[in-house]
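The following note concerns the charged side-chain contacts of the structure shown below. Comments are given as numbered points.

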Amino acid sequence: MNSFDPRTLAKPVYESLCQLRAQTKDPERLKEQKNQAVELYTYLSTWGLLRLKAEEDALSQEGKKEVVKEFFDCLEKISGQNEIAKSNGLDRLMGLGVEEYLGLTGLGLALAQEFSFWATAIYHDVSGGD
Amino acid sequence: MTFQIAYLHLLTPLHTGGTTQEGNLLGIARESHTHLPYIPSSTIRGRLRASVADKDKKFELFGNEIGEGDQLTQGSIWIGDGSLLWIPVPSLSHGVVWISCPLLLKRWLRLTGQNLSVPDPYSTSLKADRPIYLKDAILKEGLRQWSEWKSYTKDPNISRVIVLPDQHCATLIQMSLWRQVKVKLSEHKVVEGGFRYEEAIPPDSLMYFTWGVTAQANGSSRQTAEEFQKLLQSNQIMQIGGQESLGRGFVELSLN
């Protein structure tokens, strides 16, 4: 039987950001990561999932790109929607039914809020991102 | 228990004071069970209370304050939270279209005690055989002509409406909130730090709140209700919520 786990959304986000931060030494890149993590929610609620996925390729700053990749990794893990984190994820999102896409957007918004929260905690000593 | 209703027509963006400030986003108050934006009753109550100059009348309607009298007393009026009824979303085909959903309309019908049916999703005042372009989506099929829509809007300015399924409406509301990006510039006009964002309920939304008379007014409830109605009528335009100095939160009050 499944138990209710209030950490379902927080856990993968916390682990992703911790790992990303631990791998990064460049302070500028850390700043970019933090900025992107806190801005995910406003980007997503204004522009939607498709455009965020497209940003993953378009972003020139590596730090920002890494966070968007982590976001889609977490979304794939939690939703069980295979392959949205891969490079062909955009096609996968295009192929979803309307209900599925809207449901995934709702989940994505909740997840983006988690990124915002954990970024503030995990990158607490990185300035310029809040 | 009878609920009295007062409507709030938003003239400017309304910032209802966030319960959270995550990252660089100044969010707004949301209902915990639907996550939809709302106006906490204390916001409306506080504003109306502040507009009563006469101390006795103020205490009679809203109760006294700490430090005034021996103990706190209850007022003779209660005020409920402000709920969304219709919210505008951008439309390429119609400029602006107001959306609502069965959940919000059902709530409103229950509280107003009206004997109207809850419209089906995709009921619209627009032509049902022509596509409707909403933000990011084109609705072509399954639209239903809705002739009784005027009984549900309570605002002559709202003429283009569509009822969306609950889950789609919630997502669209989330994505149609008024959002402002803010930056801080240094003395050399260079952006300092990152962007900041503020959310608000967009202007032209229609909201409402319930109010009534408490047990405190036992025996004089009619007089109390009239008194409060007069107070509402004398505050036709009021400013509620946050960011007053930026001109946010102007609402037009009406009783029907």
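1. A:K31 and A:E28 form a salt bridge, with 3.7 Å between the closest N and O atoms; the term denotes a side-chain nitrogen of Lys or Arg within 4 Å of a carboxyl oxygen of Asp or Glu. The two residues are three apart in helix α2 (residues 27-47) of chain A, and therefore about one helical turn separates them. Helices (H or I, at least four residues) and strands (E, at least two) are DSSP runs, numbered from the N terminus.

2. This is a predicted model, in which local features need pLDDT of at least 70 and side-chain atom pairs count only at pLDDT 80 or more, while totals for chains, interfaces and linings use all residues. Residues are numbered from 1 along each chain as its sequence is written, chains are lettered from A and ligands numbered from 1 in the order in which they are written, and side-chain values use heavy atoms, with hydrogens and water left out.

3. A:K31 is partly exposed at 30% relative accessibility, and A:E28 is partly exposed at 47%. Buried means under 20% relative accessible area, exposed over 50%, and partly exposed in between (1.4 Å probe, protein chains only).

4. In chain B, a salt bridge joins B:E198 and B:R248 at 3.4 Å, N to O. B:E198 belongs to strand β11 (residues 191-200) and B:R248 to the loop between β13 (237-239) and β14 (250-254), so the pair ties together parts 50 residues apart in sequence. Both B:E198 and B:R248 are buried.

5. A:R7 pairs with A:D5 in a salt bridge, the closest N and O atoms lying 3.0 Å apart. A:D5 is partly exposed, at 28% relative accessibility.

6. A network of salt bridges links A:K53, A:E56 and A:K69. Over all chains, the search of the whole structure finds 12 salt bridges.
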